[in-house]
Structure formats: structure tokens, C-alpha cells
Amino acid sequence: MAVPPAAMGPSALGQSGPGSMAPWCSVSSGPSRYVLGMQELFRGHSKTREFLAHSAKVHSVAWSCDGRRLASGSFDKTASVFLLEKDRLVKENNYRGHGDSVDQLCWHPSNPDLFVTASGDKTIRIWDVRTTKCIATVNTKGENINICWSPDGQTIAVGNKDDVVTFIDAKTHRSKAEEQFKFEVNEISWNNDNNMFFLTNGNGCINILSYPELKPVQSINAHPSNCICIKFDPMGKYFATGSADALVSLWDVDELVCVRCFSRLDWPVRTLSFSHDGKMLASASEDHFIDIAEVETGDKLWEVQCESPTFTVAWHPKRPLLAFACDDKDGKYDSSREAGTVKLFGLPNDS
């Protein structure tokens, strides 16, 4: 099926490189008051600190709903949880039990004590930070790569390498439904209203199902190439997708139309996060910086320098603090120094 120009990225339109604006993107007349205010804040809070979390690379970071804890999942088969103290993360615990890499994790949307991990060992595990114990291990059919918790807290969806998504009752820990898809499923998410389920796929589409019926509602040709990640803004106004064409697209939740694109990255967009107020969007790739855009204009607000590709980014749910994790350094011996750290940007320069 032909992709409409509005769904194409600069690469598809014969443009290239960072900063090239696709023709449908609006260019604003100068920085907004919000951008100027945040740039002023980051000038005094541009410090990034790293904290040792794991013995191998970190695939996923996520904040608890109250912002008190940050969890990380790693290739070393464990999850770690940190407490956020004034200007630093303090390691609270390491969670062992998985027999393979922890590829993704997420917290309960309203209970700050529970988080769930998805692993290549064909299980998901639910953990409670109060007891530091695994309260449930749920066996699934394949190697799990993505996971999300429904906004109402009742259901956990997990996707595996065979493009099967399983819906698990968060209380009984039993499977409620299972869907095999005929396309490569990359990332999965409910909308904020909990009545639709979104999947990004390898053909550049966003597939939308009704929930809980799981009936197809719409398929959107979002990108000319692999559509990798998806995130909903906390205000419920937009969602964003990132793709292999190095573009981030911003979509109106109600109209399901593309409102604007951010095209400052050169490499496939792996990870996205909206700030707590819905006004900033962080996106990252193999580029050695994380792009922070103002959502309403697409303007560049800041960039966070990093020395290697970024796997995962997550804004704090209440403050302008960005947690992220990058790939290990190249070189067999050099990599051990960098391996397994989580990073925090937005700390005071004098901290």
C-alpha cells in the first residue's frame, strides 16, 4: 500500500540529515516562554551522573508512579531498584530469579510498590519492593521482549519474539487472552483511557485494537520503515512513535492524525519519553545525544550528550529529571567500566 506523503520521513522524501524539516512540519517564530524557562533551568541543571546498577548492559529503566524509585532491567538477568534521594540514586535492592536477560520492565500505574519484568526465560515476574520478593512468576509461551501495565492496573500485556501478545490478570496472574499477530510486533501500549490497545509493527504501521474486545479498530501507516516505539503523553492529548527512518511522529489521540515530526536524530529511534507535564519529549537512538523537544512546536529544547547508543529513556513523573541507559563502551576491556550503569540528567551543576 502506498504511504501518503504525510506519513513519510525526510529519508523517504529525498531529504537527509538532522534538522531537515519535512514539508508538513511547522516552523515556529522563536522559542516559547516554556522553552526559554526550561533552557534556563537546564543551564543550571545540566549535570549527568551515573550509578552502577548491573554487571552488564541495561535494557530498560522506569520510575515508580510516585517518583521515589527507579527500576532497571539488564542483560545480567536481574532488575535493580534505586531510591531517589536529593540529587542522587541510592541502590536499594537487586532482584534475582530470571534465567535470561530482563528486556523490559514497568511499574504498576498507581501502586508505587509493584513492578513487573519481562525476560527471555519465557516468564514474567511481579516484584514487591516492600518485601523485595517475587510475588508471582507467570509462565508464557515464548521469549518475552516487551511489557506494559494497563492504566487501570488490572492487566499486564506481554509480547514475545514470536509476535504473540498475552494479556495477564494482574490479580490472579492467569492469562485472560492471547493474540498471535502476522506482523513483527515492536512495542505495545494501552491508551490512557484503557479502552484501546496499540501496537507498533515492522511494516511501519500502528495497529489499534479495541480493549477488552481486541477487535481491530484501525491501522495507521505511520512510517515508511519499521515503527519501533510508542509512548502516550500523561495529559492524554498525544502519543508519539519512533521509527527506523530516524523520525519521531506526534499524533493526536482523538483524531489519530500526525500533528508534527521531530527529525533531529540520524539513527533509528529506539526509545521515547514524555515529561510529567506532557510538554517535553525525549527521544534517543544510536546518535550520541538524546534529543529533548518541546512537544507543542517540535523545537529543540536541549540535548543530552552521551558517549554511546541509548537503549532507554524515562522522565521522572514529577520533576525535570531524565533517567537513561546507554550501550557499553566498545572494546572488550574498556567496556567493563561503562557496563551496567544508569544515568540521571537534570541534576544541579554544583551537586
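This is a conversation about how terms are applied to one predicted model.

Modeller: Residues are numbered from 1 along each chain as its sequence is written. The model is predicted, so local features need pLDDT of at least 70, side-chain atom pairs count only at pLDDT 80 or more, totals for chains, interfaces and linings use all residues, and side-chain values use heavy atoms, with hydrogens and water left out.

Biologist: What makes strand 2 and strand 3 a pair?

Modeller: Two strands pair if DSSP finds at least two bridges between them. Strands are DSSP runs of E, at least two residues long, and are numbered from the N terminus. Five bridges join strand 2 to strand 3 (residues 69-74), and the two run antiparallel. Five meets the cut-off of at least two, so they pair. One of the contacts sets Trp63 against its bridge partner Leu70 in strand 3.

Biologist: What makes strand 4 and strand 5 a pair?

Modeller: Seven bridges do, in the antiparallel sense, with strand 4 covering residues 79-85. That count meets the requirement of at least two, so the strands pair. Ala79 stands opposite Tyr95 in strand 5. A hairpin of two residues joins strand 4 to strand 5.

Biologist: Why are strand 2 and strand 5 called edges?

Modeller: They belong to an open sheet of four strands, order 2-3-4-5, with antiparallel pairing. Strand 2 (58-63) and strand 5 (88-95) each have a single partner strand, so one side of each has no neighbour in the sheet. Neighbouring strands here are turned by 25° against each other on average, direction ignored. The angle is taken between axes, which are lines fitted to C-alpha atoms; angles run from 0 to 180 degrees between N-to-C directions.

Biologist: What is in the largest pocket?

Modeller: About 1700 Å³ of space. A pocket is an open set of points on a 1 Å grid over the protein atoms alone, with protein on both sides within 12 Å along at least five of seven lines; a 1.4 Å probe is used, and lining residues have an atom within 4 Å of a point. Volume is the space filled by probe spheres set on the points, and points are joined across faces, edges and corners.

Biologist: Which residues are closest to the centre of the largest pocket?

Modeller: Gln104, Leu105, Cys106, Glu187 and Lys231, out of 50 lining residues. Strand 14 gives the largest share of the lining, six residues. Elements giving two or more residues include strand 2, strand 6 (102-107) and strand 14 (185-190). By class the lining has 28 nonpolar, 16 polar and six charged residues. Ala, Val, Leu, Ile, Met, Phe, Trp, Tyr, Cys and Pro count as nonpolar; Asp, Glu, Lys and Arg as charged; the others, Gly among them, as polar.

Biologist: How many charged residues line the second largest pocket?

Modeller: Six, with four nonpolar and one polar. The pocket has a volume of about 150 Å³. Its lining includes Asp233, Lys237 and Glu294.

Biologist: Is Ala222 called buried or exposed?

Modeller: Buried means under 20% relative accessible area, exposed over 50%, partly exposed in between (1.4 Å probe, protein chains only). Ala222 has 2%, so it is buried. Ala222 lies in the loop between strand 17 (216-221) and strand 18.
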